[in-house]
Amino acid sequence: MREEEFSVTPWEVKGKVDYDRLIKEFGTDKIEEGLLTEIKKYTHDLHPLLKRKIFFSHRDLDWILAEYSKGVKFYLYTGRGPSGDVHLGHLVPWIFTKWLQDKFDVELWFQLTDDEKYLFEKKLGIRDAKKFARSNALDIIALGFDPEKTHIFSDIQLSGLLYPQALKVAKRVNFSTTKAIFGFNEQSNIGQIFFTSMQAVPAFLPSALAEKNIPCLIPHAIDQDPHFRLARDVLPKLGYLKPAAIHCKFFPGLKEGGKMSASKREDAIFTTDSKADVKKKISNAFTGGATSIKEQRTKGGNPDKCSIFQYYCYLFEWDDEKLQTIRNECKGGSLLCGECKKRLIERVEKFLEDHQRKREEAKDLLDKYLVEHSKKIFELYDK
Ligand code: TYM
């Protein structure tokens, strides 16, 4: 693949992503300063992920805010494809979703697409996918979403409720559209072709249940956009609103270029990793620094190429001044890669220690968050 080539699909990201080009290709809108000012009217401050343009693109977020200003509340919808352990990259949209839930005091529907992972991962059995759905739910709960307002569900477990809604979507999408959007071919299994209808359902399920239209905002990394491009096309045909969305860039892996991906275990840090794993992975990470200490001291490092610096930007240094200091000291040659990695190892270890404790505690909270039977949903809408 040539340097300027890249591809982003919900199942694979290849090459060095040019996000401005992606905005054009996907037909989304860039988050401009005016929109940030508008968000701030309601949130009073801006999350670092917004300030740093890590959340960089959207669809109809301005409309969601305009409705909110008129007293029309939206709900949040996001998800996870449970094919294995959760890595730090997945946490980026979820941490931001929690911030949105806190600031706007809204409901969150969290979809676990165990059906998708069974259909798309050759070696994954249904039982494994269901098992990961439950274990990934612990990571989600550990982030502290409001238990009264958060509904986590697995597609397989809740299929009785979701399937009739998915059928309505499926009937309005033909094979050539899914081929064009997702790149399916004659060898794709037929479950894969159907699956996008399941991911569309939570974008209108609360409206279907409440029997009135409720605006929906979906935070996610830009790879999932093809699903919602399709949903935005179909939902108005069913009498529902187009879902709005806010998109983030990819938290990088520990090697040069590329997103953090579960398939590259050595490049990714998982929430279940031990201290020894963290130390080993970060110590071996790509920094783009000079080959000798002497050279690094005189020429300085290159934070824009360095995966370690990206870790500080995305999750591990949310104080802007302190981040700037790291950047300056790296460029000036006073902060060497070894020391910078050591500091990051400490932060990641501390983060994981907290997260793993909360993850354990979440085992007692599963019932509060998980919607395993449609009865619970109907109760919700009777209140
Ligand atoms: P999944 O499990 O691949 O990813 C879960 C969420 O994490 C985002 N993501 C990343 N964000 C930042 N940096 C990365 N390196 C990174 N890798 C993944 C994904 O964009 C996603 O937001 N089909 C979906 C599950 C799903 C979903 C949804 C996601 C169902 N409904 C609604 C978002 C919104 C999936 O397999 O996600």
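# Chatting through helices and loops

User: Beyond its neighbours within four places in sequence, which residues is Cys 248 in contact with?
Analyst: Setting those neighbours aside, Cys 248 is in contact (heavy atoms within 4.5 Å) with Ile 54, Phe 55, Phe 56, Val 92, Pro 93, His 220, Ala 221 and Ile 222. Keep in mind that this is a predicted model, where local features need pLDDT of at least 70, side-chain atom pairs count only at pLDDT 80 or more, and totals for chains, interfaces and linings use all residues. Residues are numbered from 1 along each chain as its sequence is written, and side-chain values use heavy atoms, leaving out hydrogens and water.

User: Thanks! Where does Cys 248 lie, and is Cys 248 buried or exposed?
Analyst: Cys 248 lies in strand S9, residues 244–248. Helices (H or I, at least four residues) and strands (E, at least two) are DSSP runs, numbered from the N terminus. With a relative accessible area of 1%, Cys 248 is buried. Here buried means under 20% relative accessible area, exposed over 50%, and partly exposed in between, with a 1.4 Å probe and protein chains only.

User: And how far apart are the C-alpha atoms of Cys 248 and Glu 38?
Analyst: They are separated by 18 Å, and along the chain the two residues are 210 residues apart.

User: You listed Val 92 among the partners of Cys 248. What else is Val 92 in contact with?
Analyst: Leaving aside neighbours within four places in sequence, Val 92 is in contact with Leu 49, Phe 55, Phe 251, Tyr 314 and Leu 315, as well as Cys 248. Val 92 lies in helix H5 and is buried, with a relative accessible area of 1%. From Val 92 to Phe 55, C-alpha to C-alpha, is 9.6 Å in space and 37 residues in sequence.

User: Switching to helices. Which residues of H17 are buried?
Analyst: H17 buries Cys 340, Lys 341, Leu 344, Ile 345, Val 348, Glu 349, Leu 352, His 355 and Arg 359. They pack against H5, helix H7 (126–142), helix H13 (275–283), helix H15 (307–316) and helix H16 (320–332).

User: How many residues does H17 have, and what span should they give?
Analyst: H17 runs over residues 337–361, and its 25 residues should span 36 Å at 1.5 Å a residue; its end C-alpha atoms are 36 Å apart, which agrees. The expected span is 1.5 Å times one less than the number of residues.

User: What about H13, which residues are buried there?
Analyst: In H13 the buried residues are Val 278, Lys 281 and Ile 282. They cover an arc of only 90 degrees around the axis, which puts them on the same side of H13. The arc is that of the directions from the helix axis to the C-beta atoms. Ala 276 and Lys 280, on the other side of H13, are exposed. H15 and H17 are included in what covers the buried residues.

User: Which residues of H8 are buried?
Analyst: For H8 (residues 159–170) they are Leu 161, Leu 162, Gln 165, Ala 166 and Val 169. Seen down the axis of H8, they fall within an arc of 115 degrees, so they line one face of the helix.

User: At what angle do H8 and H10 pack?
Analyst: H8 and H10 (residues 190–200) pack at about 115 degrees, and their axes are 8 Å apart. Axes are lines fitted to C-alpha atoms, for helices over the stretch in contact, and angles run from 0 to 180 degrees between N-to-C directions. On the H8 side, Leu 162, Tyr 163, Ala 166, Val 169 and Ala 170 meet Phe 194, Ser 197, Met 198 and Ala 200 in H10.

User: Now loops. What is the phi of Lys 53?
Analyst: Lys 53 has a positive phi of about 60 degrees although it is not a glycine. Most residues other than glycine have a negative phi. Lys 53 sits in the loop between helix H3 (48–51) and strand S4 (55–59), and at 31% relative accessibility it counts as partly exposed.

User: And the phi of Asp 105, what is that?
Analyst: Asp 105 has a positive phi of about 55 degrees, although it is not a glycine. Its loop is between H5 (88–104) and strand S6 (108–112), and Asp 105 is partly exposed at 37% relative accessibility.

User: Last one: where is Glu 148?
Analyst: Glu 148 is in the loop between H7 and strand S7 (150–154). At 55% relative accessibility, Glu 148 counts as exposed. The C-alpha atoms of Glu 148 and Gly 239 are separated by 28 Å.
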